[in-house]
Amino acid sequence: MAALPDLITVAQFRQMPEGGESSYELHHGEVVAVTRPRARHWKLQLRLTRLLEMKLKGFGEVGMELPFRPVAEFELLAADVAAVERQRFDRIDPDDNLRGAPELVLEIKSPSSTPARIRERVTLCLANGSVQCWIVDQDKKSISVFQRDGAAVAYGIGDTLPLSAFGADDLPVAEFFE
């Protein structure tokens, strides 16, 4: 019989030293190393952040590598890009992180993005506060949008992403990949 790993809480996780080339997240009470993004990934994160900041001004705050706690004691993750409703953002404890998932979470596919990891992240976010999760695929120049109601739609270069759930005008997908 295999031994179960020792699970740790967010408080214990925060006492760990910082990593060199890796940073860490807490997944279900287990520490998981995540690599820092390469320039291609980071530049797309920056582009997505800037585009959404302009579009979602009236909704709230948009940020890159936004830390959040979808499940309070055993999860501490960072979204590649995320949007948080203004009043909720203003209530974040300055000595903690966002509790629950951001209303909008964007994850950029990378070599470590296995289908199982993507499904898990999307499910976790949608079950804990997200209205939508977007999976951005640079290679295919597409965005898959998953919604809390179970709907999932893939958008390509010729499509327009509806942002009405966030009180904003639609945005052509092509702008994300210029």
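Let's start with a cysteine: Cys133 is buried, with a relative accessible area of 2%. Keep in mind as you read on that this is a predicted model.

Is Cys133 part of a disulfide, or in no disulfide? Cys133 is in no disulfide, and the nearest cysteine sulfur, 4.4 Å away, belongs to Cys125. A disulfide needs its two sulfur atoms within 2.5 Å. Cys125 is likewise in no disulfide, with the sulfur of Cys133 as its nearest cysteine sulfur. Cys125 is buried, its relative accessible area being 0%. For the structure as a whole, the count of disulfides is 0.

**The nonpolar cores**

Now to the packing inside the protein. The largest nonpolar core holds 25 residues. Leu52, Leu56, Trp134, Ile143 and Phe176 are the residues with the most contacts inside it. Which elements give two or more residues to this core? They are helix 2 (39-55), strand 4 (77-85), strand 6 (104-108), strand 7 (132-137) and strand 8 (142-147). Helix 2 is the one that gives the most, with 4 residues.

Setting aside neighbours within four places in sequence, Leu52 is in contact with Val62, Val81, Leu104, Leu106, Trp134 and Leu171. There is also a second, separate core, made of 16 residues, and Phe68, Leu77, Ala82 and Val105 are included in it.

**The aromatic pairs**

How many aromatic pairs does the structure hold? There are 2, and here they are side by side:

| Pair | Centre to centre | Angle between planes | Arrangement |
|---|---|---|---|
| Phe59 and Phe166 | 5.3 Å | 85 degrees | edge-to-face |
| Trp134 and Phe176 | 6.0 Å | 70 degrees | edge-to-face |

Where in the chain do Phe59 and Phe166 sit? Phe59 is in the loop between helix 2 and strand 3 (60-69), while Phe166 is in the loop between strand 10 (160-161) and strand 11 (171-172). This pair links distant parts of the chain, 107 residues apart. Both Phe59 and Phe166 are buried.

Trp134 lies in strand 7 and Phe176 in the segment after strand 11, so their pairing ties together parts of the chain 42 residues apart in sequence. Trp134 and Phe176 are both buried. Trp134 is also one of the residues in contact with Leu52.

Definitions and conventions: Residues are numbered from 1 along each chain as its sequence is written. This is a predicted model: local features need pLDDT of at least 70, side-chain atom pairs count only at pLDDT 80 or more; totals for chains, interfaces and linings use all residues. Side-chain values use heavy atoms; hydrogens and water are left out. Buried means under 20% relative accessible area, exposed over 50%, partly exposed in between (1.4 Å probe, protein chains only). A nonpolar core is a set of buried Ala, Val, Leu, Ile, Met, Phe, Trp, Tyr and Cys residues joined through side-chain atoms within 4.5 Å. Contact means heavy atoms within 4.5 Å. Rings of Phe, Tyr and Trp (its six-membered ring) pair if their centres lie within 6.5 Å; planes under 30 degrees apart count as stacked, over 60 as edge-to-face and the rest as tilted.
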